[in-house]
Amino acid sequence: MTLEAIGAIAALPGMDALPASVAVDKPAAGFDAWFAQQVGQVDAGLRVADNDLRALAVGNVQNLHEVMIHLEEAKLSFQLLAQVRNRVLEAYQEVMRTQV
Amino acid sequence: MDYAAAFRISASGMAIEKTRLDVTAANIANMHSAGTSAGAVYRPMKVVAATVPLTFSQQFGALVATGGGVQLASVEPAQVAPRMVYEPGHPYADAQGMVAYPGVDHTAEMMNLNTALRAYEANVVAMNAARTMAARTLDIGGQS
């Protein structure tokens, strides 16, 4: 008997006025924007490593291991970027091979 | 892909071991530097390392709190008595002909040197392990 209270919801105005399907918006930032940002970050890392190497060459480096670690970080971030590019290119070539 | 944190932890370890090496080298270098008096003589230094306390966000967010590495707490003079040597002709000799030299324990300093070196190597190995792990991660889904 108490279930009848639920039926009152159907009587609310505007319940049927909802659109049948909601248009999905495109994400604000696409893959290209993300990729460009990542390229920028990798470039910044490479610049840091480059500056460290310059400082090492002119002889004003306090600790050598920071230089090596920055080099490693730059290398890893570049490898990640290269792998992302490889995957994207693989997908592209897969699409290009599609028979029509 | 937060391998930079692992690198930072290892880097802090390397920095502290480098400091330990520097301080030990200074102790050994000053082993025979005489002082004008027993109070003014060089005192062997000692590196005190401490764990970096976790930040609030680390403590709050981390289910398994990862350490934040190590930091230099202080470099303190060791409480050792100066070594008194009988050298009447020395310009710093006192009334009894005794000259004060730092009480550097040669054996202990060499041990410090070795442990600092090995600990540095261990930090490098840990960092290389993190790097290898990151590189293996990039192999996921790769050709062959």
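## Salt bridges, ring pairs and the A–B interface

Lys18(B) and Asp22(B) form a salt bridge in which the closest N and O atoms are 3.2 Å apart, a salt bridge being a side-chain nitrogen of Lys or Arg within 4 Å of a carboxyl oxygen of Asp or Glu. The model is predicted, and local features need pLDDT of at least 70, side-chain atom pairs count only at pLDDT 80 or more, and totals for chains, interfaces and linings use all residues. Residues are numbered from 1 along each chain as its sequence is written, chains are lettered from A and ligands numbered from 1 in the order in which they are written, and side-chain values use heavy atoms, with hydrogens and water left out.

**Salt bridges within a chain**

- Over all chains, the structure holds 11 salt bridges.
- Lys18(B) and Asp22(B) both lie in helix H1 of chain B, four residues apart, which is about one turn of the helix; helices (H or I, at least four residues) and strands (E, at least two) are DSSP runs, numbered from the N terminus.
- Lys18(B) is partly exposed, with a relative accessible area of 33%, and Asp22(B) is likewise partly exposed at 41%, where buried means under 20% relative accessible area, exposed over 50%, and partly exposed in between (1.4 Å probe, protein chains only).
- In chain A, the side chains of Arg47(A) and Asp43(A) meet in a salt bridge of 3.1 Å, N to O, and both residues lie in helix H1 of that chain, four residues apart, about one turn of the helix.
- Arg47(A) is exposed, with a relative accessible area of 52%, whereas Asp43(A) counts as partly exposed at 32%.
- Glu121(B) forms a salt bridge with Arg118(B), the closest N and O atoms being 3.1 Å apart, and because these two residues are three apart in helix H3 of chain B, about one helical turn separates them.
- Glu121(B) is partly exposed, with a relative accessible area of 40%, and Arg118(B) is partly exposed with 48%.
- Salt bridges that share partners join Glu66(A), Glu73(A) and Arg8(B) into one network.

**A buried charge without a partner**

- Glu109(B) has its place in helix H3 of chain B, which covers residues 106-137.
- Glu109(B) is buried yet has no salt bridge, and the nearest side chain of opposite charge, that of Lys46(B), is 7.8 Å away; Lys and Arg count as positive and Asp and Glu as negative, while His and the chain ends are not counted.
- Not counting residues up to four places away in sequence, Glu109(B) touches Thr24(B), Asn27(B), Ile28(B), Pro44(B) and Val104(B), contact meaning heavy atoms within 4.5 Å.

**Aromatic rings in chain A**

- Three aromatic pairs are present over all chains, where rings of Phe, Tyr and Trp (its six-membered ring) pair if their centres lie within 6.5 Å, and planes under 30 degrees apart count as stacked, over 60 as edge-to-face and the rest as tilted.
- Phe31(A) and Phe35(A) form a stacked pair, at 5.7 Å centre to centre and with 25° between the planes.
- Because Phe31(A) and Phe35(A) are four residues apart in helix H1 (residues 31-58) of chain A, about one helical turn separates them.
- Phe31(A) counts as partly exposed at 45% relative accessibility, and Phe35(A) is partly exposed with a relative accessible area of 23%.
- Trp34(A) and Phe35(A) form a tilted pair, at 6.5 Å centre to centre and with 40° between the planes, and Trp34(A) is partly exposed with a relative accessible area of 37%.

**The interface of chain B and chain A**

- In this interface, 17 residues of chain B are in contact with 13 residues of chain A.
- The area buried between chain B and chain A is about 1,300 Å², of which carbon and sulfur atoms give 62%; buried area is the accessible area (1.4 Å probe) that two parts lose on being put together, summed over both.
- Across the interface the rule finds three salt bridges, and the side chains of Glu72(A) and Arg131(B) meet in a salt bridge of 3.5 Å, N to O.
- Helix H1 (3-29) and H3 of chain B each supply at least two residues of the side of chain B that touches chain A, and H1(B) gives the most to that side, with six residues.
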